[in-house]
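Open the model in your viewer and keep the sequence panel beside it. We will go from stop to stop, selecting a few residues each time.

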Amino acid sequence: MAHVPDVPDGPDAPDTPDESRIPGAPGPPGTPGTPRTPETPASPRHPAPPTPPGSPGTPSTPRAPGTPGPLESPTPLAPPPQSPPQPPPPPPVTDHGGGVWSLPVPIPGNPLGHTLVHLLETDRGPVLVDTGWDDPASWDALTAGLAACGTSVEALHGVLVTHHHPDHHGLSGRVREVSGAWIAMHPADTELVRHLRGTPPGGWIDLLAGKLTAAGAPAAHVARLEAARAGDREPPGRRAALPDRELVHGELLDLPGRRLRAVWTPGHTPGHVCLHLEEAHPRGGAGNGRLFSGDHLLPGITPHVGLYEIYEPARAPGGRPADPLGDYLSSLARVAALGPAEVLPAHQHAFTDAPGRVRELLAHHRARLAELRALLRTPRTLWQLTGSMAWNRPWARIPYASRNIAVAEAEAHLRHLVARRLAEAVPGSHPVAYVAV
Ligand SMILES: [Zn+2]
């Protein structure tokens with residue numbers, strides 16, 4: 001069953017970090033977060049689902065109405081929290097051995113609490129994997145963490161960004177200004193950064209309203225988005241740094257003294273990458289090196305998978321819509337096959353048994369797809385389908401913004417069913433209804 005994160009209700013809800021993505025909409029620039037979402041039964045669950053900051057988790061970020069975070073969570077039928085979820089206390093700066101550290105960088109106001117920025121020594125100077133949310137307190141935490149590792153921002157040689165969400169890429173520009181370091185990202189996410197920088201304020205509201213209308217949402221639901229327009233702030237994505245370098249799938253990075261390979265893992269975002277450190281585990285862990293997993297693989301949170309939407313035209317030249325959930329499931333298989341001895345994720349904590357965690361996530365999505373298919377024995381619009389699905393509380397009690405995220409998640413699953421020819425649109429229906437085939 002999916003768990004819907006508690007997102008502050010209403011269009012004026014506080015910002016959300018990376019975890020959540022607006023269903024279908026590109027998300028306010030900078031909000032792309034990622035939400036993570038559904039968790040898997042049997043997996044360690046994390047306390048009440050944070051608000052997705054654009055992504056897997058939920059950091060703080062300015063969130064757009066409707067951009068709330070993680071929807072589904074691993075905890076079947078978890079009782080609704082009685083009070084807003086509190087972010088976990090930050091872990092200490094941790095020396096993982098072999099020239100690798102993790103530094104917690106807070107995501108202000110987000111239940112996810114913090115991003116784990118990783119520091120990797122190279123013969124040319126230290127390199128960061130992600131940078132954290134763009135906020136003065138986050139910057140202070142980053143600089144203090146670097147000092148605790150015996151280095152400084154000025155000494156940094158480069159920045160490797162797992163994906164463009166603001167709790168991962170937010171401080172990259174400031175790091176580059178201070179240090180002269182290059183910034184590397186997968187070209188699919190760089191394209192999104194370029195797009196978001198050029199999106200006019202409020203542009204995401206138009207996109208989301210269009211998506212919700214097409215889904216069959218009631219006019220009163222869509223109208224609430226308009227209330228957000230007046231108070232729309234500049235989304236952080238409009239200031240996101242354009243990268244200098246590309247992370248190319250399968251390539252060994254030019255980092256003297258290290259063996260670090262880019263592994264493209266689309267799903268959470270179209271250009272998400274994991275970084276595989278192909279060196280023996282410093283403590284002799286069994287397996288194939290270590291994996292910086294970003295938001296792709298987290299120990300207790302299921303990354304939010306919605307729609308790439310604005311990226312679709314580039315990804316589907318033949319007219320076939322992109323299938324982010326299909327991408328995500330394929331990417332999970334890809335990292336399981338690497339068999340890393342240890343996973344160093346961007347939230348929560350390091351863990352082992354990547355193949356086991358991948359099995360949990362695959363089972364979660366399989367169950368979700370089966371649930372949708374059963375519901376589609378009766379034709380339903382996307383809105384009706386979303387409201388009929390099992391969440392961690394009755395639909396009537398799910399806050400406004402979380403409902404929009406739920407629609408995005410449901411649509412990603414529906415689109416995957418359509419791509420596999422397990423569901424199809426009912427000819428002539430308007431708004432479009434879908435039925436299992
Ligand atoms: Zn994140």
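**Stop 1: two crossing helices**

Select Arg368, Leu369, Leu372 and Arg373 in α9, then His413, Leu414, His416 and Leu417 in α11: these two groups meet. The residues of this contact divide into four nonpolar, two polar and two charged. Keep in mind that this is a predicted model.

Now show the whole of both helices, α9 (residues 354–375) and α11 (residues 400–419). Their axes come within 10 Å and cross at roughly 80 degrees. α9 and α11 are therefore roughly perpendicular to each other. In general, two packed helices are described by the angle between their axes and the distance between the axes.

**Stop 2**

Which element gives the largest share of the largest nonpolar core? First select Leu128, Leu160 and Leu275, the residues with the most contacts inside this core of 91 residues. The largest share of the core, nine residues, comes from α11.

Centre on Leu275. Leaving out residues up to four places away in sequence, leucine 275 touches Val129, Leu160, Leu260, Ala262 and Phe292.

**Stop 3: helix α4**

Select residues 187–197, which form helix α4. Colour Ala188, Asp189, Thr190, Leu192, Val193 and Leu196: these are buried.

**Stop 4: a three-stranded sheet**

Next, select β15, β17 and β16. They form an open sheet in that order, with antiparallel pairing. The edge strands are β15 (380–381) and β16 (423–425), each pairing on one side only.

Zoom in on β15 and β17 (residues 433–436). Two bridges join these antiparallel strands. Click arginine 380; its bridge partner in β17 is tyrosine 434.

Now follow the loop between β16 and β17, where proline 431 sits. Is the peptide bond joining histidine 430 and proline 431 cis or trans? The bond is cis, with omega at about -5 degrees. For background, most peptide bonds are trans.

**Stop 5**

Most residues other than glycine have a negative phi.

- Aspartate 130: look in the loop between β6 (127–129) and α1 (136–148). Its phi is near 70 degrees, a positive value. Aspartate 130 has 26 other C-beta atoms within 10 Å, and 20 or more count as buried, so aspartate 130 is buried.
- Aspartate 353: look in the loop between β14 (342–345) and α9. Its phi is also positive, about 60 degrees. Is this residue buried, partly exposed or exposed? Aspartate 353 has 16 other C-beta atoms within 10 Å, so it is partly exposed.

**Stop 6: glycine 113 among prolines**

Finish in the loop between β4 (100–106) and β5 (114–120), and select glycine 113 there. Glycine 113 is buried, with 26 other C-beta atoms within 10 Å.

What does glycine 113 touch, leaving out residues up to four places away in sequence? The residues are Pro87, Pro88, Pro90, Pro106 and Ile107. Draw a distance between the C-alpha atoms of glycine 113 and proline 87. The two residues are 26 residues apart along the chain, yet these atoms are separated by 4.4 Å.

Conventions: Residues numbered from 1 in each chain as written. Predicted model: local features only at pLDDT ≥ 70, side-chain atom pairs only at ≥ 80, totals over all residues. Pairing = 2+ DSSP bridges. Helix = DSSP H or I, 4+ residues; strand = E, 2+ residues; numbered from the N terminus. Buried ≥ 20, exposed ≤ 12 C-beta atoms within 10 Å, placed from the backbone. Axes fitted to C-alpha atoms, helices over the stretch in contact; angles between N-to-C directions. Parallel < 35°, antiparallel > 145°, perpendicular 65-115°, else oblique. Contact = placed C-beta atoms within 7 Å. Nonpolar A, V, L, I, M, F, W, Y, C, P; charged D, E, K, R; others polar. Core = buried A, V, L, I, M, F, W, Y, C linked by C-beta atoms within 7 Å.
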